[in-house]
Amino acid sequence: MSAISAQQDADVIVVGAGPGGSAAAYYAALQGLEVLLLEKSSFPRDKVCGDGLTPRAVKSIIGMGIDTTEGASGLDGVDLEGKWIRNKGLRVIGGNVRLELDWPELASFPDYGLVRPRSDFDELLARRAQQVGAKLVESCNVTGAINDPSGRIVGVTAKVGPGKELREYRAPMVISCDGMSGRLGLGAGILRDEKRPMGVAVRRYYKSPRHDDDYLESWLELWEELPGGDKRLLPGYGWIFGVGDGTSNVGLGILNSSASFQDLNYRDLLVRWLGGLPEEWGYVEENATGPTRGGGLPMGFNKHPHYKDGLLLVGDAAGAINPFNGEGIAYAMETGQLAAEAVAQAYGRRTDSARERALEGYNSAMADHLGSYYRLGGVFVKLIGNEHVMRAATKYGLPRKTLMKFVLKMMANLTDPRDGDAMDRILIGLQKMTPAVRS
């Protein structure tokens, strides 16, 4: 255990107890560091999300020592009523084709996905970080950074509790997991790269008989029913994920490569799409269990550098959402682990310059881990933003199941780096040939 000076409250402060923050706190605490995990809300709390977890995310959850077997509800000593809903794979709908693709059987990843609402999923991860020694402070709204005379971040300011008491928390390193807004990154001068992908998504919960579907469902085409029986193709992609509690999580997203990105009423778009779906599915206003909520999807490392002056960016704050499929949880958890490893390495160095080199290594670690894959994703986003390319891909690609198995592996980033099949070797070869997106 490291010794904390009188001027420090912790070895490292983690801002935001979402999946990335809880993973960072968990892995830093495992290294023997004193960790302060600051969460703006109090649990339980909700987040805008599709709630779907691919095998890549499941691997990270299991890596934190959490039981994902069917029926498992939470952690010892923590009363969380939610359950894991397991799924077999992805059902893709488009071009008059309905195709069910099972998750691949790999050595590197489990062969199942999960659904669990963020309303208790995030708390499950945060409590796990607490179990290994991280100190969690809820209702702690971080308002800005504390900088030393050189400009280096050495802590944060916050409003704490119902009385919004002004507090300062100090640590020599801060991990920013504060989501899309990325207040700490903005304060450090880290802005969104307009050349890299960005998306917007909205979702709503509906009571539905399809709540126990054992496939995640992805709609590549969104059709609106028009008077007289005609149909109109809408921009974007959609999803329907059974939550298993009597409801479905239904939503849609659109990428900034689409010509319609800036000029849409996304909530209205969702209603128009759902109006064309079978009535017996139940996706109508009277079955909605809450409002439509939405948010931005920062993708492809569109915020960088990921380390600067004592601040490390993780998850959405780092623009780490997968541009191929809009998945954020897996990559938040993976980047959280990488950030924790960089901080632990820095604490193992004897001089300030050596510690700084260890922290700067986080930029390279992020590029090595996902940079080439995300550059490919940027190309993919530009291609599917062209409606003619997307229509051709849907028409000619979907009927070919072998091709779609390859596409599933690529979009979900599921490959075996060693002893994989021909598809794995092709995908890994593509990444090796592709220059990495760097901070």
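R203 is buried, with a relative accessible area of 2%, where buried means under 20% relative accessible area, exposed over 50% and partly exposed in between (1.4 Å probe, protein chains only). The model is predicted, so that local features need pLDDT of at least 70 and side-chain atom pairs count only at pLDDT 80 or more, whereas totals for chains, interfaces and linings use all residues. Residues are numbered from 1 along each chain as its sequence is written, and side-chain values use heavy atoms, with hydrogens and water left out.

The side chain of R203 meets that of D46 in a salt bridge (2.9 Å, N to O), a term for a side-chain nitrogen of Lys or Arg within 4 Å of a carboxyl oxygen of Asp or Glu. Because D46 lies in the loop between β2 and β3 and R203 in strand β13 (residues 198-207), this pair ties together parts that are 157 residues apart in sequence; helices (H or I, at least four residues) and strands (E, at least two) are DSSP runs, numbered from the N terminus. D46 is partly exposed, at 30% relative accessible area.

A salt bridge also links R118 and D122 (2.6 Å, N to O). These residues stand four apart in helix α3 (residues 118-131), and are therefore separated by about one helical turn. R118 counts as buried at 10% relative accessibility, and D122 is buried at 0%.

In helix α5 (residues 266-274), R272 and D268 are likewise four residues apart, and their closest N and O atoms lie 3.4 Å apart in a salt bridge. R272 is partly exposed, with a relative accessible area of 25%. The count comes to 26 salt bridges.
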